[in-house]
Amino acid sequence: MDFGFLSEYWYYFVSGTVNTIVIAILTVILGVIIGTGIALMKISHNKIFKAVASSYIEFIRGTPLLVQITLFFYLISLPEFHIFGLEMERFIPGVIAMSVNSGAYVAEIIRAGIQAVDKGQMEAARSIGFTQGQAMRYIVLPQALRNILPALGNEFVVVIKESSVLSVISISELMRNTNIIQGAIYRPFEPLAITAVIYFVLTFSLTRLLGYAERRMRTSD
Amino acid sequence: MINVKNLHKTFGSLHVLQGIDVTIEKGEVVVVIGPSGSGKSTFLRCLNLLEQPTDGEIIFEGINITDKKNDVNKQRQKMGMVFQNFNLFPHLSIIDNITLGPIKLKNQTPEQAKENAMSLLKRIGLEEKANNYPAQLSGGQKQRIAIVRALAMSPDVMLFDEPTSALDPEMVGEVLEVMKELAAEGMTMVVVTHEMGFAKEVGTRVLFMDEGKIKEDAPPSEIFTNPKDDRTKEFLSKIL
């Protein structure tokens, strides 16, 4: 084992980790927006909305992320341009593919969270005279949020790990940068070991943070 | 006040309501009794369209609420409902449970709504629970709060769907007491219940339902002492 290469290549790990985190945050935000829309379509009474939402979820969950990412990369072809040193012609399709993928899983989290709220809550709200929308907003969604947030935290952890697949379209996130170091020093193992530890530290601290937040939320009941 | 004409309701192949015709006048306390599965809860839930009737008409204060063009949310504000399982909003404090409707739907200021809610809470002796959450209350307290929540909208009629069925026996009394007071003040009430004592004492009229039909419709003094319908006789002989 020789970690001497770190003095020369440490910055690749740092920038890769930063990019991975940025990608994960963007993916989760966009994924929640997409997922909310899809979930609302799926629980609506409109047959077309329902069908579109179900097909979306089934298709995304039934195909590999790797395929989706490469598909989006060739589908969305942009001219080369850089922001903060990131190659946007790769970064944008990559993040869109990740968000579209995560959106399907988030949609199921949100749908399950809403449907877990007792049916009597909607009925009580409607019996007072609230419209369907008002009942959702004031009564059902605030309760659903308590079911949704912890699961959404887990999705964040999943996205951090799965973003490593983006290395196949050469987005300089953590995994891609690891590949670069491996090629430069002709040693495959050590860079990968460091990368594994970095991923673990990221996901483990996030899990801990979420566990803490969840406990706080429960005691405020 | 409420005029029900030829009301039918089916769930799939199950014909739960098979033509209900009944008129409920202002100030009446109508108690609906009958065996389980007779359609009494479904009938009650049709009155404010929590169940969409398959056929028939419901006229409430001169408005046909079963008309597709009618926006029932307006009439629901005038029809308070109390459920078997209370259905208080667990994420809101007691005071917010009561004031949410008046503030959002009747444009009351939070101060007005709160003042009104506190005087209602005082009447049932739970004003010190205003800032508690539903999970901190007993079943009987929850149900009394649920009644007050419905009253805060100043309804013209109150619908009760087996309000004491989910309660511990020792808490039934306190809920019935609130309902009795309400009846004494002249509130129009439709009550689905198994509490025959309540039906006798407070009811002005008893509907006996079986197999989706009203089999007998008479004042309690008559129905309990001298039932006309055979099925009513059989039912009452089993439970009295």
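Axes here are lines fitted to C-alpha atoms, for helices over the stretch in contact, and angles run from 0 to 180 degrees between N-to-C directions. This is a predicted model, in which local features need pLDDT of at least 70 and side-chain atom pairs count only at pLDDT 80 or more. Residues are numbered from 1 along each chain as its sequence is written.

**Exercise 1.** Find how helices α3 and α4 of chain B pack.

*Solution.* Start with the elements: helices (H or I, at least four residues) and strands (E, at least two) are DSSP runs, numbered from the N terminus. Helix α3(B) covers residues 94-105 and α4(B) residues 110-123; their axes lie 9 Å apart, at an angle of about 125°. That makes α3(B) oblique to α4(B), since angles under 35 degrees count as roughly parallel, over 145 as roughly antiparallel, 65 to 115 as roughly perpendicular and the rest as oblique.

Next, look at the contact (heavy atoms within 4.5 Å). Residues of α3(B), including B:Ile98 and B:Pro102, meet residues of α4(B), among them B:Ala117 and B:Leu121. The residues of this contact divide into 10 nonpolar, one polar and one charged.

**Exercise 2.** Work out the strand order of the open sheet in chain B.

*Solution.* Two strands pair if DSSP finds at least two bridges between them. The four strands run in the order β2-β1-β4-β5, with antiparallel pairing. At the edges are β2 (14-24) and β5 (63-64), each pairing on one side only. Inside, β1 (residues 2-11) and β4 (residues 55-60) share five bridges, and B:Val4 has B:Ile58 as its bridge partner in β4(B). Finally, helix α1(B), residues 40-47, packs on the sheet and touches β1, β2 and β4.

Notes
Chains are lettered from A and ligands numbered from 1 in the order in which they are written. Side-chain values use heavy atoms; hydrogens and water are left out. Ala, Val, Leu, Ile, Met, Phe, Trp, Tyr, Cys and Pro count as nonpolar, Asp, Glu, Lys and Arg as charged, and the others, Gly among them, as polar.
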